[in-house]
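Hi,

Here is the structure I said I would pass on to you. Have a look at it first, and then read on for what turned up when I went through it.

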Amino acid sequence: MDLSPSALLEAILEGARDPLLVLSRDRVVLEANRAALRWMELRRDAVVGHSLSELPGWKEAGSSGGFEIRHREFSVQQLDGGELLIAESRDNTAVEEERRYERLVFELANMGVWTWDLATDTVTNRSEHGLFGWPAMVDASRHQVLQRFHPDDRGRVLAEAEAAVASRSGFRVEARGYAPEGGLKWVAVTGAVRCDETGYPVRVDGVTIDITERKLTELRLRESEARFRAIFENAGIGIALVGPGGIPVACNPALEQLLGYSASELQKMHFSEFTHHEDVKRDLALYQDLISGRRRRYEVEKRYLRKDGELMWGRLVVSAVRDASGQAVFGIGMVEDITARKRVERELLSLSDKLITTQEQERSRIARELHDGLGQQIAALSIAVASMKRQVPEHVTVAREQMTRLQQRIASISEGVRRISHELHPAVLELAGIVPALRSHCKQFSTDNGVAVTLDAESNFENIPAEVALCLYRVAQEALQNVAKHSGAKEASVRLQHSGESVVLTVADHGRGFDADAPASHAGLGLVSMKERARLLNGSLKISSSPGEGATLEVSIPLTAPEAVGQSA
Amino acid sequence: MPAFRPRLLLADDHEEFLEEVIRLLAGEFELVGVVRDGAELIECAGKLNPDAVVTDFKMPKLTGILAGRKLVETRVCAAIVLLTMYRDPQLVRDALDAGIRGYVLKDRAGEDLIPAIRRVLDGDTFVSTLAS
């Protein structure tokens, strides 16, 4: 193998994939390899022996004698003691690609890379990204760099950096600055101090990352957290964050006050422990439904057991906080104290109960007095007249006729008293029961009002309680009265039947009807009192009607022992 | 004056009314006793063996219907007239069911009571017209 320098040079020239030129010191091309000729698209003799500057597409580039031919960079190295120059060109595509990739990364990460040369106290920041969007800086003074930061943050940034240099460590600081277009931005500046072999710090390398987005999110989060805190702490209603198992994780002061337990005490209790035992089962079932996702929220009126043993009525609204997968993380319960309202409701109920009961008792007393007292006195008077008449001889016709007239007057007074008495309180209800009482009332009503009333009743109503019988009778009375007054109907039907555990009374007519859904402005005291009577016996009353379609009133009273009123809410 | 005057036991607790009834019946019947409640009625009837009993419906201790039923069932007296303020058909049925064959409304007693007692004594039935 020939290892002479010229053979070696030739081997190198032809073996290189990239263009290579050998130049004389005065820049005349002495040799060009195939790749170089291909690049210049020239024949060998058009290149060799010619000065560089004569080559098409040539241009000076860089400071150390480099140049470009047809936009391709050539770097120059001295060979052979400076007599010979070799110009080589590397394929920069991969480097370019790498740079492009690097720029992309910096851009996407909003990141910039910088170096602080401690000897010259200058900073080079190679990217416009990372430092609020300002153009890259080369050999900038520390003053120029600091200017980029918000005046309030400059001192902090510098102090952190200097402290890191002093301790030969690193630093991280978050600081604000204005973007060229004016918006306030946030960056995180991270730096690491580099030392020479003697351990003396020579430069600091670092990155800046734009964290504006994160900062804003944080701020918003903090604001919303603060807002929630403010509501939680100052709300007038009790609020608890309850774990899926039913144990509170957080309770606000209002709840502490409502229940008399401190938040830390509550956080050791299951909610069933401060719930009245009769309300536990329902609340638990609803909470399970909420946690399992079968309901989105629930609302319930329940009794709480305060620490001092007192009962508190609360209106509870519970909703759930779920994670991205829909799993319930918390229940949020909001409790409003409705003890006072419940008391008023109870008082109203018992007041109206008392009112109706007292009224019935008073009516019944007056009715009895009229019937048994005054009625019998009138009967006695009638007998006295009859006795007297018997003693008057038959031929004294004038006297006998007068006595007959007197007897008729007395009979009419007697009838009047009986009627008033019956209207006040139907004695027949207790004597014979609801069905005969209704039958006799329907008959009387038909005669008095010219409305033919039919009664359809199953027979076995003997054992219904007296107050139920009275309620049904009163409703029938009132309903028939309405038929006569408003419907214009000539016929009406009354029906009494059992339905499950209830007795149902229906009064229907085919009269002119009315809009049953219209606001109850026309609902007189009669309807209100019917409803009230039904409600007192845990029953219900409904009216269905529309114009021209007649009307049906239905009252249903349960025969099972009524629960304590107001406790089932 | 008829030769035979049926012996009558009266039961009512309303004094004023009772007074007039006694005045009405005195000429026709022999009044063997007046009682004020249902229990007393049963007791006295057992002792006095009246031909007929006239009883109010609503009385202390026992109603006229219950007392009357007892008298009929024990065969103490079969001629019983219920004299009452109540004109409910159900009460009439109850009375007839109890074996009481006379039903007279108090405000028709002036006209109806004497004929009713006579009818019942004859083994017949008498009910006052209920319609006013």
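Of the 569 residues in chain A, 39% are buried. In chain B, which has 132 residues, the buried share is 50%. Please keep in mind as you read that this is a predicted model.

Let me take the overall form of chain A next. Its secondary structure amounts to 15 helices and 22 strands. With a radius of gyration of 53 Å, well over the 25 Å that the globule rule gives for 569 residues, chain A is more spread out than a compact globule. The box that its C-alpha atoms fill, taken along the principal axes, is roughly 185 × 55 × 45 Å.

Chain A is split into domain 1 (5-91), domain 2 (103-216), domain 3 (238-337), domain 4 (341-425) and domain 5 (432-558). Taken over C-alpha atoms, the centres of domain 1 and domain 3 of chain A are 86 Å apart.

As for contacts and surface, 49% of the contacts in chain A with a separation of 6 or more are between residues 24 or more positions apart. The accessible surface of chain A is about 32,500 Å², and carbon and sulfur atoms hold 53% of it.

Chain B reads quite simply. It has five helices and six strands, and from the N terminus on the elements follow the order β-α-β-α-β-α-β-α-β-α-β. The radius of gyration of chain B is 13 Å, close to the 14 Å that the globule rule gives for 132 residues, so chain B is as compact as a globular protein of that length. Its C-alpha atoms fill a box of roughly 35 × 30 × 30 Å along the principal axes.

Chain B exposes about 5,800 Å², with 50% of that supplied by carbon and sulfur atoms. There are 17 positive and 22 negative side chains in chain B, and the centres of the two sets lie 4 Å apart.

Most residues other than glycine have a negative phi. Against that background, A:D121 is worth a look: it is not a glycine, yet it has a positive phi of about 50°. A:D121 sits in the loop between β7 (111-117) and β8 (122-125) of chain A, and it counts as partly exposed because its relative accessibility is 27%.

A:R168 also has a positive phi of about 50° without being a glycine. You will find A:R168 in the loop between α5 (151-166) and β10 (170-178) of chain A. Its relative accessibility is 42%, so A:R168 counts as partly exposed.

A:D448 is part of helix α13 (residues 434-449) of chain A, and at 41% relative accessibility it counts as partly exposed. From A:D448 to A:A437 there are 11 residues in sequence and 16 Å in space, C-alpha to C-alpha.

Best wishes

Methods:
Residues numbered from 1 in each chain as written. Chains lettered and ligands numbered in written order. Predicted model: local features only at pLDDT ≥ 70, side-chain atom pairs only at ≥ 80, totals over all residues. Heavy atoms only, no water. Domains from an automatic or database assignment. Helix = DSSP H or I, 4+ residues; strand = E, 2+ residues; numbered from the N terminus. Rg over C-alpha atoms; globule rule 2.2 N^0.38 Å. Buried < 20%, exposed > 50% of the residue type's maximum accessible area, 1.4 Å probe, protein only. Contact = heavy atoms within 4.5 Å. Areas by Shrake-Rupley, 256 points an atom, 1.4 Å probe, with all protein chains shown as cover. Lys, Arg positive; Asp, Glu negative; His and termini not counted. Charge placed at Lys NZ, Arg CZ, Asp CG, Glu CD.
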